[in-house]
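Please consult the sequence and the structure shown here alongside the text.

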Amino acid sequence: MREESPRQNMRRPDSDRASSQRSTPRAGRRTQGIGERYIAGVPARIMRPRLVFLTCLFSLVCFGLLMVYSASSVEALHENDSATYFLFRQFMFTVVGVAALEFIARVAPDSWFGEGALKLALIAMMILLLAVFLFGSGSRGATRWLSIAGIQFQPSEFLKPFAIAYSAIMLDRVFSPGGNINEFLKGMGLYLGISLVLIFIQPDFGTILIILLTIMCMALFAGLDPKFIIGAILAGAVIIVIALVVEPYRMVRIQVLLNPWADEYGDGYQATLAIMAFASGGLFGRGIGNSTMKYSYLPEAHNDYILAIIGEEVGFLGTLLFFLVFAMLIYSAFRIAEQAADRRGALMASGSAVILAVQFLINALGILNVFPMTGKPLPFISYGGSSIIVSLMLAGLILRVSHESARRDEYDRRRDCFAVMDESTAGVPHTRGERSSRGGFTVLNGFASESDARPRSVPQSRPQRPTPRNTGGGYNRIDLNSDPSARLRTDGQGPRVRRDYHDR
């Protein structure tokens, strides 16, 4: 970190020090002055949120590995004769996710995040979603998983980062001068709408809800009128009602939400056990590894319902601390979005933060029986290769925006504040002197029109003081006369000085 020495700081006026700390209205919070502080060669305003984000991310990933081991050890020992079976697999998935994060954040060229490359990626995702219906596997009436070379994954999860990156480009274009809403709707419907329809057929209504909510928030950040958001919410509510009526199992989830104890050994079994797990945790919890619900009581204890095990083992205070760390992760991601180099980067970082926050809230509220359970995993915490890899890919998008922001220096940011004025404030150009007719300099006289630019006669005995003229552009120009010799002063034209002042 570079600091100004006290001696240098004493030389600067107070007004200069104050002005260097204030940002201009056009630059927002991004411009902090040429003499800003640096951390490891990166401006502190960019490095601070990045360090907070990385610290929270590292803490959440490590805590997730710990809780996966604690919640799955009993089941892993019973089914696979190894208490660390799920821990080892989750660790390998995490290594792959960290490699994907590093590649996205620092290695991948910018062309990979262009519109053409993202369109190809979305077409590939549509092919994978179609392959799910032909070669995929499922459970509980849903076909969502695809197995390639012995590796099972969920294509609908991997759609999220590509959908956010593509939506950021399209939203940036449509809200720029000359943007075309028809082109936006066509591009979104052709490359993203088809994928969402295929996910709806699987069915996976939770993923569709998460992606659509994220795109709506990104559109709001880009400058969409809130009244359109309200209209979209009303239209979405109608679609949700229709989806509930079409599929009976969704109505069952609504009934469980209203009263999970009505069928506590049937449809409400997991919901009631999750509530009991939180209640038994108390204020400080039973301790890491001391959960009782993981002993084949609570199904999917290490997956969708891992938050219930967290509440039981670390208690209310530990769960609250966990929520605060995740909230700091999202907050630092939005701070990174504020420092983005352009609107596309800001939308990409904020969209990645929103989708992580929305999925976290849907899972947490479902466990707490505030929102219907959709089967979505807890980001960075729940067991599952697709979940942890995609979550780290989204984190990689956020960090990429932070690295892109650090590439631009202070002068690039100040150029963004420049404005092109419709009318020049310099006045009407004209040539001065005889040499200008032979290719000399062209100067500006500072007059608003040619009629005002006519030379005025100046008495040779005593030249008049030039009078400022208002050009209409906010600046005053001074008429220095056309003849340079008229601006020269002879000895008799100087100021009159009394030389006998000492005799008075």
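The points below are grouped by topic.

The model is predicted. A total of 14 aromatic pairs is counted in it.

- Phe86 is buried, because its relative accessible area of 9% falls under the 20% limit.

**The pair Phe326 and Phe360**
- For Phe326 and Phe360, the ring centres are 4.1 Å apart and the planes stand at 15°, so the pair is stacked.
- Phe326 belongs to helix α12 (residues 306-338) and Phe360 to helix α13 (residues 343-367), so the pair ties together parts that are 34 residues apart in sequence.
- Phe326 and Phe360 are both buried.

**The ring cluster**
- Phe326 and Phe360 are also members of a cluster linked by ring pairs, together with Phe63, Phe322, Phe323 and Phe380.

**Ile310 and its surroundings**
- Ile310 is located in helix α12.
- With a relative accessible area of 0%, Ile310 is buried.
- Apart from neighbours within four places in sequence, Ile310 contacts Phe63, Met67, Gly315, Thr319 and Ile381.
- One of these contacts, Phe63, is also part of the ring cluster.
- Gly287 is 23 residues from Ile310 along the chain, and their C-alpha atoms are separated by 9.5 Å.

How values were computed. Residues are numbered from 1 along each chain as its sequence is written. This is a predicted model: local features need pLDDT of at least 70, side-chain atom pairs count only at pLDDT 80 or more; totals for chains, interfaces and linings use all residues. Side-chain values use heavy atoms; hydrogens and water are left out. Rings of Phe, Tyr and Trp (its six-membered ring) pair if their centres lie within 6.5 Å; planes under 30 degrees apart count as stacked, over 60 as edge-to-face and the rest as tilted. Buried means under 20% relative accessible area, exposed over 50%, partly exposed in between (1.4 Å probe, protein chains only). Helices (H or I, at least four residues) and strands (E, at least two) are DSSP runs, numbered from the N terminus. Contact means heavy atoms within 4.5 Å.
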